[in-house]
Amino acid sequence: MIYLDHAATTPVRPEVRAAMEPLLTDRFGNPSSVHTIGQQARALLDGARDTVARCLGARAEEIVFTSGGTEADNLALIGSFLARRAEGKHHLITVQTEHHAILESAEFLEELEAEVTLLPVDGSGRVDPEAVRAAIRPETFLVSVMAANNEIGTVAPLAEIAAVCREAEVPLHTDAVQGMGLLEMRVDAPYVDLLSLSAHKIYGPKGVGALYVRRGTPLKPILHGGSQERRRRGGTENIVGIVALARALELAVAERQTEAARQTALRDHLIVAIEGSVPGAVLNGDRVHRLPNNVNFSFPGLESDTLLLGLDLEGVCASSGSACAAGAVEPSHVIQAISENHARGISAVRLTVGHSTTEAEVDAAAEIVARVVARLRE
Ligand SMILES: Cc1ncc(COP(=O)(O)O)c(C=O)c1O
């Protein structure tokens with residue numbers, strides 16, 4: 001199989017597995033226990049926290065480990081609202097193309113009487129920093145803008161948005177789940193107050209992530225029941241996952257520049273090959289401000305699901321942004337936000353390269369895409 005779905009998840013890399021193995025056997029302690037076995041676990045947890053903090057340019061106490069990107073996003077939005085609503089700060093600004101972990105947390109906040117502004121994006125999926133400025137009100141408690149979009153790979157103008165937020169003294173959260181390991185992501189460049197990340201998108205295991213919380217940023221917990229994570233997230237820590245996340249992040253940051261350059265070349269090769277061989281293919285997302293690993297094309301006249309099945313039968317794992325709701329294919333909210341063209345919306349296919357992807361695989365995948373599209377069009 002040619003795996004071109006690295007935005008959905010990545011395999012656990014051997015170095016990460018090696019870091020996890022001792023914890024699955026003899027290092028089983030609970031870091032809250034006072035005895036030696038517990039304190040060994042505490043040392044591992046502290047070490048992992050230091051590593052994650054160093055990778056982000058943060059302080060150790062600013063890292064809250066979570067069960068993944070979804071929980072980090074929920075904690076950022078809901079926790080910020082809970083911390084500020086008593087002051088009358090009940091307005092959230094976010095963007096139409098965010099991940100559902102953000103959009104559905106925002107909907108939940110509306111049930112708690114928050115007001116939500118969902119900013120639109122342009123045809124390439126970018127939000128205008130001036131639109132953020134115009135939307136900020138005295139009651140705004142948070143702006144949340146993803147670093148890079150998971151479907152179409154569009155990279156946000158985060159530095160400009162951060163400047164707007166700092167000027168207005170409104171905290172900025174970014175969902176950096178897709179950008180981590182591919183974009184420069186340190187918490188001072190671009191300057192953010194809260195940042196979500198997830199291990200399984202950077203060659204770590206599923207079910208673990210982190211939220212960076214800048215010192216002084218008001219945040220209430222959403223999981224209650226223990227004093228772990230400085231009372232910001234109750235529950236015995238997932239030490240195996242946390243150690244794995246730290247190792248995965250360390251490697252991702254160390255290799256970022258070479259890997260980003262390598263994947264950008266593969267991405268562009270795939271884009272050129274598909275544009276050259278599939279008449280009518282439309283690239284979704286921004287050509288310049290684009291994640292190094294993301295290719296997303298629409299093939300108007302076809303439907304994504306049929307395309308994905310055709311690709312799978314020929315050995316290519318890809319993904320779509322559309323969902324089949326009650327028998328009718330609906331474009332994803334992301335494609336809908338960048339284009340009103342229904343045929344384009346329901347035929348989007350995402351191909352995302354990764355560490356193991358080779359040029360030969362990309363060549364083969366491009367040929368398969370052309371063949372499957374031609375066959376379905378017949
Ligand atoms: C942009 C973005 N945010 C959040 C998530 C959720 O992360 P997790 O799967 O770790 O809950 C994902 C994963 O699909 C994502 O792509």
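This is a predicted model: local features need pLDDT of at least 70, side-chain atom pairs count only at pLDDT 80 or more; totals for chains, interfaces and linings use all residues.
Of the 14 residues around the ligand, those that come nearest are Gly-68, Gly-69, Thr-70, Asn-150 and Ser-198; a residue belongs to this group if its C-beta atom, placed from the backbone, lies within 6 Å of the molecule. Residues are numbered from 1 along each chain as its sequence is written.

Which helix gives the largest share of the shell around the ligand? That is α3, residues 69–84, with three residues; helices here are DSSP runs of H or I of at least four residues, strands are E runs of at least two, and both are numbered from the N terminus. By class, the shell has nine polar, three nonpolar and two charged residues. In this scheme Ala, Val, Leu, Ile, Met, Phe, Trp, Tyr, Cys and Pro count as nonpolar, Asp, Glu, Lys and Arg as charged, and the others, Gly among them, as polar.

I turn now to Met-146. This residue lies in the loop between β5 (140–144) and α6 (158–168). Is Met-146 buried or exposed? Met-146 is buried, because 27 other C-beta atoms lie within 10 Å; the cut-off for buried is 20 or more such atoms, for exposed 12 or fewer, with partly exposed in between, and C-beta atoms placed from the backbone. Leaving aside neighbours within four places in sequence, Met-146 is in contact with Glu-98, His-99, Ala-156, Thr-174 and Asp-175, contact meaning C-beta atoms, placed from the backbone, within 7 Å.

Next, the domains. The domain assignment, automatic or from a database, gives domain 1 as 14–254 and domain 2 as 256–377. Their centres, taken over C-alpha atoms, are separated by 28 Å. Across the boundary, 22 residues of domain 1 are in contact with 21 residues of domain 2. The side of domain 1 that touches domain 2 has 11 polar, nine nonpolar and two charged residues.

Finally, helix α9. The buried residues of α9 are Gln-263, Leu-266, Arg-267, Leu-270, Ile-271 and Ile-274. Why are they on the same side of α9? They cover an arc of only 140 degrees around the axis, the arc being that of the directions from the helix axis to the C-beta atoms. On the other side of α9, the exposed residues are Gln-257, Thr-258, Ala-261, Val-272 and Gly-276. The cover over the buried residues includes β9 (282–283), β10 (294–298), β15 (348–352) and α13 (359–377).

Conventions
Two residues are in contact if their C-beta atoms, placed from the backbone, lie within 7 Å.
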